[in-house]
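Thanks for coming. I'll take a few minutes to walk through one model, so please have the picture up before I start.

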Amino acid sequence: MPELAPPELIVITGSDARKHLEAARPECADVVRRAYLTHAAGDSALPHSSFLRFPARERDRIIALPGYLGGEFDVAGIKWIASVPGNTGHGLPRASAVLLLNDPATGFAYACMESSLISATRTAGSAVLAAEALTGGRTARRIGFVGTGLIADHVRRFFADLSWEVGGYRLFDTDPAAAHRFAGRLTGADVVVADDVSGAFEDCDVVVLATVAGTPHLHDPALLAHRPVVLHLSLRDLGEDLVLGAQNFTDDIDHVMRERTSLHLAEQRVGHRGFVAGTLADVLTGTVSRDPGRAAVFSPFGLGVLDLAVGSWLAERVRAAGTALPVADFYAEVGR
C-alpha cells in the first residue's frame, strides 16, 4: 500500500477569520445553504452535541459538536464552544470557541481555528436564509430584535450585506443602553427602542430572538397574532402554547428535541413531534411550504456540520491568501 503523509496543520487566527468572513457574507450564506442540503440528503454524520456543565454554575457550559459533512465538503471535525454569560461583566465575550478540521481519509487534523466568528456567521447566515425562504423574498416592512448582543449584530449585518429592503426596526433588550447602541448601527429613520418586549413584535413581519434566556419568558398569544416569521435563535424564549400555535421549522428535528429547548418542552407536553412542519432544507427544496395563516417559527439547534462547512471554506480562503500559520512538526511520530 502507498504510504500517506499527515497533512500540515495550520492555525487560523480570529483576526484572519474576521477579514475573510466579513468580506463574503453572501457567499457564506450560500455555503450554509449547500451544507443544509448536503445534510438533508443524508451525506453526513452528526452525533448529538455533548454538554459539559459545571457544579453550581447553571448558566455556564461548554459544548462539543462533532460531525462529518460529505458531498462537496468531505470534512470531519469538532467545535468546542464555551458560553459563560458572566464574562460580559469582566469585559470578555460571553462565547469563545475553537474548531478542529480533520482529513476524513487519515483522521489527522489539518486546521485549528478560532471559531466564535465562524459560529456566529453560520448562525446568522442560517437565520437570514430562513427569513428569505419563509417570507418569499428579501423585503420586510419592519424587523424586530429581542436581544441586541453579538448574534443579533451578526444577523443585522447579514440582512444588510444580502441587500434586504427593510422599512424599519423595533428593538428590545433588558439592557436599554445595549438596545440604543444597536439602534445607532441601523440605517433608516424608523428605528424605535421599545420599553416592553411586545414592542419588538408589533407590526414586525420578521422577529429575531437572540437572547441568553434559559427558560421560556414569552407566553402572550397576542405576540404572534399578526403571523410574523420568528427566528428563534436562542431556542428557549417561546412558551409552549406559542410553539404549539405556530408552524414550526428547525434544522434537524431529532437534535432540537433535547436540552429543554422550547420545542423539547412542547414535545414533553403533547407527547409527539407533529407540531414541527419540517426542516429549513424541506422549505428550500419545496417539500414543505409555509402556511400564511399562522406564525412561522424557525428554531435552529445549530448543527456542527454548518461549522464544518464554513470552516472548510475559510481554510481554503486563508491558504489561498498565504496567511495561514503552519505548525511545523506538530505530528512527531508518523511512522508505524
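First, the ground rules. This is a predicted model, in which local features need pLDDT of at least 70, side-chain atom pairs count only at pLDDT 80 or more, and totals for chains, interfaces and linings use all residues. Residues are numbered from 1 along each chain as its sequence is written, and side-chain values use heavy atoms, with hydrogens and water left out.

When I say helix or strand, I mean a DSSP run, numbered from the N terminus: H or I of at least four residues for helices, E of at least two for strands. Two strands pair if DSSP finds at least two bridges between them.

Look at strand 14, residues 229-232. It pairs in parallel with strand 13 (residues 206-209) over 4 bridges, where V207 is partnered with V230 and L209 with H232. Strand 14 also runs parallel to strand 17 (residues 296-299), joined by 3 bridges, and there V230 stands opposite V297.

Which way do the side chains point? In a regular strand they alternate between the two faces of the sheet. Here V229 and L231 point one way, V230 and H232 the other, and all are buried, meaning under 20% relative accessible area, with exposed over 50% and partly exposed in between (1.4 Å probe, protein chains only).

Next, strand 5, residues 75-83. It is largely enclosed by the rest of the structure, because 7 of its 9 residues are buried. Strand 5 pairs antiparallel with strand 4 (residues 57-69) over 9 bridges, with Y68 opposite A76. These two strands form a hairpin with 5 residues between them, and G71 in the turn has a positive phi of about 60°. Strand 5 is also joined to strand 6 (residues 95-102), again antiparallel, by 8 bridges; W80 has V98 as its bridge partner there.

At 10% relative accessibility, G77 counts as buried. Beyond neighbours within four places in sequence, G77 is in contact (heavy atoms within 4.5 Å) with residues including L65, L100 and L308.

Last, the helices. How do helix 1 and helix 10 cross? The axes of helix 1 (residues 14-22) and helix 10 (residues 304-321) come within 10 Å and cross at roughly 100°. That makes helix 1 roughly perpendicular to helix 10; the class covers 65 to 115 degrees, with under 35 roughly parallel, over 145 roughly antiparallel and the rest oblique. Helix 1 contributes D16, A17, H20 and L21, and helix 10 contributes V310, W313, L314, R317, V318 and A321.

That's the tour; I'll take questions now.

Definitions and conventions: Axes are lines fitted to C-alpha atoms, for helices over the stretch in contact, and angles run from 0 to 180 degrees between N-to-C directions.
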